[in-house]
Amino acid sequence: MIKGVLFDMDGVLIDAKDWHYEALNDALRLFGMPIDRDAHLATFDGLPTRKKLQTLSKSRGLPMRLHEFLNTIKQNRTVEIATERCRPVFQHRFALQQLRSRGMKIAVCSNSVRQSVELMMKLSGLDPMLDMIVSNEDVSKPKPDPEMYQTAMAHLSLQPAETLILEDNDHGIAAARASGAHVMVVGGPEDVHYQAIAQRIVEIEAAPVTA
Ligand SMILES: [Mg+2]
């Protein structure tokens with residue numbers, strides 16, 4: 001029986017891939033080091049900003065002493081962009097409402113900083129349907145480590161076998177699989193609707209128990 005559904009945020013509940021790319025690039029451009037969109041999607045998507053900056057220092061010699069400043073600018077730009085563009089999406093609100101009405105626990109587990117997750121959940125009208133938010137500031141290791149999902153399951157008293165995780169990219173999918181929970185891989189926020197989630201739950205519950 002599935003008793004809880006855990007959602008990644010970016011690329012699952014919020015169409016924020018470009019927002020993070022633009023925000024980081026606005027910061028990097030100040031130092032003449034913008035990155036192109038394909039490189040961002042291929043290498044950086046889904047990673048915390050601090051990890052992205054570490055990678056840029058290794059691969060392109062971005063001075064480490066700029067990390068703190070770049071991170072602050074990036075986070076401020078993310079807030080500005082999200083405030084401009086983040087709006088409620090009916091299919092997502094409906095999906096979470098339906099899952100809640102079935103008694104399921106719901107959490108968002110995101111590699112973003114807490115301020116961004118809280119802001120985007122509020123602007124998208126999803127925050128009243130959430131039992132919990134786990135941000136990268138609430139764990140010692142971000143995704144692809146499973147700690148975020150393990151934290152949510154422990155807090156919500158969910159076993160991995162009772163949990164479904166929705167994820168969209170490699171780092172997140174690796175984290176979800178390593179947590180031992182069931183995984184639903186989506187191509188983007190447009191794939192996240194109640195019927196699809198309910199169908200996945202039917203499949204899981206119909207499968208023979210192998211453990
Ligand atoms: Mg994602």
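Both faces of strand S2 are covered: Lys105, Ala107 and Cys109 on one side, and Ile106 and Val108 on the other, are all buried. Here a residue counts as buried if 20 or more other C-beta atoms lie within 10 Å of its own, as exposed if 12 or fewer do, and as partly exposed in between, with C-beta atoms placed from the backbone. Strands (E, at least two residues) and helices (H or I, at least four) are DSSP runs, numbered from the N terminus.

Before going on, please keep in mind that this is a predicted model, in which local features need pLDDT of at least 70 and side-chain atom pairs count only at pLDDT 80 or more, while totals for chains, interfaces and linings use all residues. Residues are numbered from 1 along each chain as its sequence is written.

Now let us look at the neighbours of S2. Strands of a sheet pair through backbone hydrogen bonds, either parallel or antiparallel. Two strands are said to pair if DSSP finds at least two bridges between them. Strand S1 (residues 4-7) pairs with S2 in the parallel sense over 4 bridges. Glycine 4 has lysine 105 of S2 as its bridge partner, and leucine 6 has alanine 107. S1 is covered as well: Gly4 and Leu6 point one way, Val5 and Phe7 point the other way, and all are buried.

S2 also pairs with strand S3 (residues 132-134), in the parallel sense over 3 bridges. There, the bridge partner of cysteine 109 is valine 134. To get from S2 to S3, the chain crosses through helix H6 (residues 114-123), and this β-α-β crossover is right-handed. In other words, with the strands pointing away from the viewer, the path from the first strand over the helix to the second runs clockwise.

Turning back to S1, we find 4 bridges joining it to strand S4 (residues 163-167), and the two run parallel. Phenylalanine 7 has leucine 166 of S4 as its bridge partner. Put together, 5 strands form an open sheet in the order S3-S2-S1-S4-S5, with parallel pairing. S3 and strand S5 (182-185) are the edge strands, each pairing on one side only.

Next, step back to the whole chain. An automatic or database domain assignment supplies the domain bounds, giving domain 1 (4-15 + 87-206) and domain 2 (17-85). Their C-alpha centres lie 24 Å apart. Where the domains meet, 16 residues of domain 1 are in contact with 11 residues of domain 2; contact requires C-beta atoms, placed from the backbone, to lie within 7 Å. On the side of domain 1 that touches domain 2, H6 and helix H8 (170-178) each supply at least two residues. H6 gives the most to that side, with 5 residues.

Why is lysine 122 partly exposed? It has 13 other C-beta atoms within 10 Å. Lysine 122 and proline 88 are 34 residues apart along the chain, and their C-alpha atoms are separated by 8.9 Å.

Definitions and conventions
Two residues are in contact if their C-beta atoms, placed from the backbone, lie within 7 Å.
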